[in-house]
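Let's walk through this structure together, one neighbourhood at a time.

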Amino acid sequence: HGARIPSLGFGTFMLEPADARRMVEAALGIGYRHIDTAQLYHNETEVGAAIAASGVDRGEIFLTTKVWIDRFRAGDLEASADESLARLGTDYVDLLLLHWPNADVPLEETLEALQRVRAAGKARHIGVSNFNIALVQQAVETVGADALVTNQVEYHPFLSQRKVLAQARQFGMLLTAYCPLAQGKVIGNDTLRDIGARYGKSETQIALRWLLDQEGVIALPRTSNEAHARTNFEVFDFHLTEDELARIDTLQGDERLITPGIAPAWDRP
């Protein structure tokens, strides 16, 4: 839907402000050009400062933030977007997402407010995060499939998102994978290690390549270690074979790591 998004981004979930400042600047130095933050992370100010200090032109960076569920009412959502822009030190974000669904506010009201932010030029693209299939369907029926560019959800080799991914492709949306390394649980997996040996790559690199080799999938690894951030970025010099992708596919189950009380009824594999 007109968005050009770097397929590998740098996530800042659970990064303390000082670490976010340090790591975003380091990530941009490594070559990342897609940075993901959120109002809930309480590090937008530091992310903005890191971008300003990096020397990388703002136009080269795809910047995402997310509106928290307590700001979903019309008027309040638009005000929260302005507050995010002020903290980030920018006139616009490239992508503004609804962070989680909120059953207490009509989705139509929230989406209409989100569209107003985009129409004002304060967000170039909009989308959703942590929406199940039914909620994405409702969102599409409200604003049209071409209005939403992504659904950001947990996705890694141990969690099947086949149904969610199929729906995203149906509507021409991308699936953005957070926790792509299953919070480190990919390390030590025999299948990933065995495939990695062929390429001289680690289990984490194989897990990321598995995601990026899927049509319409973006990955957002997060780390507070600069060496790990560099290693995560070194995944563009190889591709997995169809047989290797299929082997990793067999690992997919229902191992969900992020499921707070506000989560919707998840779509099971």
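This is a predicted model: local features need pLDDT of at least 70, side-chain atom pairs count only at pLDDT 80 or more; totals for chains, interfaces and linings use all residues.

Ser80 is a residue of helix 3, which spans residues 76-88. With a relative accessibility of 0%, Ser80 counts as buried. What does Ser80 touch, once its neighbours within four places in sequence are set aside? Its contacts are then Gln39, Val67 and Arg71.

Eight strands form an open sheet with parallel pairing, in the order 1-2-3-4-5-6-7-8. Strand 1 and strand 8 (217-220) stand at the edges, and each has a single partner strand, so one side of each is left without a neighbour in the sheet. Further in, you can follow one pairing in detail: strand 4 (residues 93-98) runs parallel to strand 5 (residues 123-129), and five bridges join them. In one of these strands, strand 5, you will find Val128, the bridge partner of Leu98. Helix 8 (residues 203-212) packs on the sheet, where it touches strand 7 (174-178) and strand 8. The direction of helix 8 makes about 150° with that of strand 8.

Which residues of helix 7 are buried? They are Thr191, Leu192, Ile195 and Gly196. Seen down the helix axis, the buried residues of helix 7 fall within an arc of 125°, so they line one face of the helix. The spacing makes sense in general terms: an α-helix has 3.6 residues a turn, so residues three or four places apart point the same way. On the other side of helix 7 you will find Asp190 and Ala197, both exposed. The buried residues of helix 7, for their part, pack against helix 8 and helix 10.

Let's look next at the aromatic rings. A pair of aromatic rings is described by the distance of the centres and the angle of the planes. The count of aromatic pairs here comes to seven. In one of them, Phe10 and Tyr32 have ring centres 5.6 Å apart and planes at 75°; planes over 60 degrees apart count as edge-to-face, so this pair is edge-to-face. Phe10 belongs to strand 1 (residues 10-11), whereas Tyr32 sits in the loop between helix 1 (17-30) and strand 2 (34-36), so the pair ties together parts that are 22 residues apart in sequence. Phe10 is buried, at 0% relative accessibility, and Tyr32 is buried with a relative accessible area of 0%.

Another pair is made by Tyr199 and Phe238, whose ring centres are 5.0 Å apart with planes at 40°, so this pair is tilted. It links distant parts of the chain, 39 residues apart: Tyr199 is in helix 7 (residues 190-199), and Phe238 is in the loop between helix 9 (226-233) and helix 10 (242-249). Tyr199 counts as partly exposed, at 22% relative accessibility, whereas Phe238 is buried at 7%.

Going back to Phe10 and Tyr32, you can see that they form one aromatic cluster with Phe233 and Phe236.

Arg58 lies over the face of Tyr92, 4.2 Å from the ring centre. The charged end of Arg256 sits over the ring of Trp266, at 4.0 Å from its centre.

Conventions
Residues are numbered from 1 along each chain as its sequence is written. Side-chain values use heavy atoms; hydrogens and water are left out. Rings of Phe, Tyr and Trp (its six-membered ring) pair if their centres lie within 6.5 Å; planes under 30 degrees apart count as stacked, over 60 as edge-to-face and the rest as tilted. Helices (H or I, at least four residues) and strands (E, at least two) are DSSP runs, numbered from the N terminus. Buried means under 20% relative accessible area, exposed over 50%, partly exposed in between (1.4 Å probe, protein chains only). A charge sits over a ring if NZ of Lys or CZ of Arg is within 6 Å of the ring centre and within 35 degrees of the ring normal. Contact means heavy atoms within 4.5 Å. Two strands pair if DSSP finds at least two bridges between them. Axes are lines fitted to C-alpha atoms, for helices over the stretch in contact, and angles run from 0 to 180 degrees between N-to-C directions. The arc is that of the directions from the helix axis to the C-beta atoms.
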